[in-house]
Structures are given as structure tokens and as C-alpha cells.
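These are my notebook entries on one structure. I set down what I looked up, entry by entry.

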Amino acid sequence: MGTHMFIKPGFLRLLLLAIGLSMIGAANAQDMRTPQLTLSSPTVADMEPLPLKYTQTGTRPSVVVSPGMTNGAVNPPIEWSNVPPGTNAFVLMLTDHVDTLMWAVVNIPGDIRSLMEGIPNGNESSKLPAGAFHRSFRSNGWIGPAARQSPEGRWTYYWKLYPLDKKLNVSEDASRDEILAAMEGHLTGNKAVMITPCCDGSK
Amino acid sequence: MMNFRRCIFREAEFHPMMRQRGIKKALSWLGGLAIVAASCGVAAGQNAGSEPPAGPRILVPNPRSDAEPVSGGGPAPDVAPGPGHPRQPTIRSTAFADYGWLPLKYAPNAAKMVTFDASSPPLAWTAPPQGTVSVVLTMTDLETSSGGNPQDQLLWAVVNLPPSTRLLAESTTRGRTAMLPAAAFQLSFLTNGYIGPMPGANLHAHHYLFELYTLDKLLEVPRDVTLDQLKAAMKGHQTGQRGVLVVKCCVNSR
């Protein structure tokens, strides 16, 4: 008598389910083996308030906002590791929780692993990696958070580093949406995230 | 609101009746009116939400969870209004701090997919801004695999909560449950309830966002709505800034 006589459809379904679940397990195991892209900064801690030297709040004498106003805020140094294979470019974006583009550094070459502190506005500086450009929603460089230190508003700033398989073909005044659209389908792995609240509690 | 309108209608037809018919009939109507008025009072208490002790306490029928009122009547939970309130509702959890670590209790799937009945964390928030008709809560993972579907970052959404709801009790049961107010429903990208951090979060910390959107209408979205569809449906209907609660999981979670 063949063993197939004892196999009922219900058992088959169970068997298929078991195979499916084990495949999910295998996929997870693969995730575990590859270290994830990590974004960090020597001077800024993840989930901690952004230091005041990087903010308009801490460096500007008045709270009056006028376009083109210069302030002493500089960008913090940023570094990353565990870059996925096949990465030829990076995009770093800093947005707040209402999706304002606070800083974007686009087309960072794939062999770069860090950004220096205090990259000046404009794209000619040697502090900026070759071929990259940067901007904010209102300037061609770092502008810095302007949230108040008194409990007026709760502002959360999201740093996201996207590893890409190629440089983007976007203009130097590209908006956040344009950059996101251009990146679609070109990620080589997970984006890395860092979150800094500002500026209540910043020092 | 509906009940309340009906009450006014009953009251209007009561007065001519008292003139035409005898006092006995009027008294029996008065009794009926008293009952209707009482039920109206209860309904009004539920709608107001912030009225302290008026409404009934709705007990959670799920024996696994603590018996807590989940919506409607009773006092609003004790959430101190934070920065930005009331334009931005303040959302908090008693189980973890803002910018803290999500307890492992709420992340059973962080190492390996083991259950579709994950226990959701308790959440409470302050009153939404004026003109809010419905409230949507979402929980998203900022570090989902880029190789996967981008909709997979939706780990929890509770849609069409009434503005009177100020808290979700711990372990909000999956599916259409008495723990949720009538019009509300919940889902994750994978289930009809909270799923929590997915495998991989035990090795590399992920950032998770709880977002509380206050809207000027009830959403007409399917019960298996995707994150993009949900965002598209909410666009242009927010009554204020969304409340945000940020946690990490699970490397240093306990």
C-alpha cells in the first residue's frame, strides 16, 4: 500500500503552509546576515536634541525670518557605514515632520563615507564631495532648524541616507518630491535613518 | 448627534399634545420623555468626550487586557498637553517614552515571525483641534527593506476613530472588535490589526513613528487600504498638524 493513500488534502495544505513559513524564515535569515546601512554623527546622537550650533535658533540673534538671511549655523559632520554592494551614489536628506526639505546633499559619490562639518553654501567648496550639490528649501546649502526652544512647537527632524545604483539626473534646485521621484527604483538597499528633535532641549 | 436631533423633535411634538389631551396622558408622555432625555444625556456625554464623569465606562470585553474604557464616555485620559497643543495633538504612551525604546512585549515578531496577534502598546492623546470629524493613527517603520513593497512599512493603522476617542488600550484585539468604536477599523500591511516590528529589528534598531492625523471627514477607504492610498485619502483634510511619537526598537529594548 502506497503512502499516498494516507495523504489527505488538508495535510497537503498544511505541508504547503509549512514550506511557505520556512521560506519566510529563510528570507529573514538573509536579512540578518547583511549588516544594515548605518547613519551616524560624532557630534549628534540619534534620538537626542540637535546641538544649538547647528540651528538658526541658536546662532541667529533675532527670530525675525527674512529670505536670504545669513546665520552662523553649520551642518554637523555625518558619517555612514555598511554600504550595500553596487552602490554608486548617495542622497542625504534632512526633513522635518511636515516634509520641509531642510537639507539635501545629492549625488555623493559611492566611495564617500562621510561629510565634513560646516560645508559652505554653494556647490564650489572643496568640503563638498566632487560632483555633489546641496540645498535646502530656501538656500543652496545648510540652513538649519529654526524651531523655538520654548515649548512652542514640537519639531522632529528626520535624517535619511539613500544608497543608489547611479547618480541622479536632477537639477540643482530640485524639490524633495523631484529627488524622491528620481530615486525610485534605484535604491541598492535599505535607507539609513537618524532622528533628532529640535530645538526644545537643545544645548 | 442623531440622537440629539431626535430628542429635540420629540420635545417639539410634546407641547401641543399637552394642551389637547388629558393630564394623565401628558404624565405618561412626560415619563417617556424623561427616558428619552436621559438617553440623550448619555449620548451627549459620549459626544463631548471631555465632559468629566458623565458618560458610562465602556469595558473592554477582551479578558486578556486590562478593563479600560477605549472610547466615548468617561473622563479623557490624563495626557499633559505638550508643545504645539492644541494645533497639534500630543500623543503619548504609558509603556515607553518619546524618543525611547519600544518594550519587547509589543514586538513579538522582531526576531522571527511568530504571531499575527501581536499585543499593541497603550496610546493616549489630547483633544484634537476644532472641526475634527475623524482621527487616524498610523505606525510606520522607517527602515523597511527597499527590496520589498514600500507599502510594507505600515505596521498599524486605526482609521475613522471618532474625535471623542482619546486612547487605545493595550492589546487592541485584531479585527472588528468591541475595543474599537463602531465606525473604526484597523489593519497592518499583513493583517487586520497590529503586527509590530518585523524580523530584523532585533539586530539593527529601526525607527518607528506613531502619527495621529486629525481629519475633517470620515475616510472612505477599503479595509485593506495601503499606506499610499491612506495618505492620498487624507491629503487636504487635516484639521491641524499631526501628532508624532517616535520610538526605536529593538536592540536596546527590554
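**Entry 1: strand 3 of chain A and its partners**

I looked up the partners of strand 3 of chain A and found eight bridges to strand 7 (residues 155-164) of chain A, the two running antiparallel. I count two strands as paired if DSSP finds at least two bridges between them. Helices (H or I, at least four residues) and strands (E, at least two) are DSSP runs, numbered from the N terminus. In strand 7 of chain A, Tyr162(A) is the bridge partner of Val91(A).

Strand 3 of chain A also pairs with strand 4 (residues 101-109) of chain A, in the antiparallel sense and over six bridges. Across this pairing Leu92(A) stands opposite Val105(A), and Phe90(A) has Ile108(A) as its bridge partner. The hairpin of these two strands has four residues between the strands, and Asp99(A) takes a positive phi near 65 degrees there.

Is strand 3 (residues 89-96) of chain A mostly covered or mostly open? I found it mostly covered, with six of its eight residues buried. A residue is buried if 20 or more other C-beta atoms lie within 10 Å of its own, exposed if 12 or fewer, and partly exposed in between, with C-beta atoms placed from the backbone.

**Entry 2: provenance and numbering**

The model is predicted: local features need pLDDT of at least 70, side-chain atom pairs count only at pLDDT 80 or more, and totals for chains, interfaces and linings use all residues. Residues are numbered from 1 along each chain as its sequence is written, while chains are lettered from A and ligands numbered from 1 in the order in which they are written.

**Entry 3: the sheet of chain A**

I traced an open sheet of five strands in chain A, in the order 6-4-3-7-8, with antiparallel pairing. Strand 6 (133-135) and strand 8 (192-198) of chain A stand at the edges; each has a single partner strand, so one side of each is left without a neighbour in the sheet. On average, neighbouring strands of this sheet are turned by 10 degrees against each other, direction ignored. Axes are lines fitted to C-alpha atoms, for helices over the stretch in contact, and angles run from 0 to 180 degrees between N-to-C directions.

Helix 3 (residues 176-183) of chain A lies across strand 3, strand 4 and strand 7 of chain A, and runs at about 145 degrees to strand 3 of chain A.

**Entry 4: strand 2 of chain A**

I next followed the side chains along strand 2 (residues 78-81) of chain A, which alternate.

Strand 2 of chain A pairs with strand 1 (residues 38-40) of chain A in the antiparallel sense over three bridges, with Thr38(A) opposite Ser81(A). Two bridges join strand 2 of chain A to strand 5 (residues 114-115) of chain A, also antiparallel, and here Ile78(A) stands opposite Leu115(A).

**Entry 5: chain B**

I recorded three helices and nine strands in chain B, in the sequence pattern α-α-β-β-β-β-β-β-β-β-α-β. Six strands form an open sheet in the order 2-9-8-4-5-7, with mixed pairing. Its edge strands are strand 2 (100-101) and strand 7 (185-187) of chain B, each pairing on one side only. Strand 2 of chain B runs parallel to strand 9 (residues 243-249) of chain B, joined by two bridges; Val247(B) is the bridge partner of Gly100(B).

Of the 254 residues in chain B, 40% are buried.

**Entry 6: the nonpolar core**

Which residues have the most contacts inside the largest nonpolar core? They are Val91(A), Ala157(B) and Cys249(B), in a core of 88 residues. Strand 5 (residues 154-161) of chain B gives the most to this core, with seven residues. Such a core is a set of buried Ala, Val, Leu, Ile, Met, Phe, Trp, Tyr and Cys residues joined through C-beta atoms within 7 Å.

**Entry 7: confidence**

The predictor gives the complex an ipTM of 0.78 and a pTM of 0.75. The pLDDT, the predictor's confidence in each residue from 0 to 100, averages 83 in chain A, where 76% of the residues score at least 70. Chain B averages 76, with 69% of the residues at 70 or above.

Definitions and conventions. Two residues are in contact if their C-beta atoms, placed from the backbone, lie within 7 Å.
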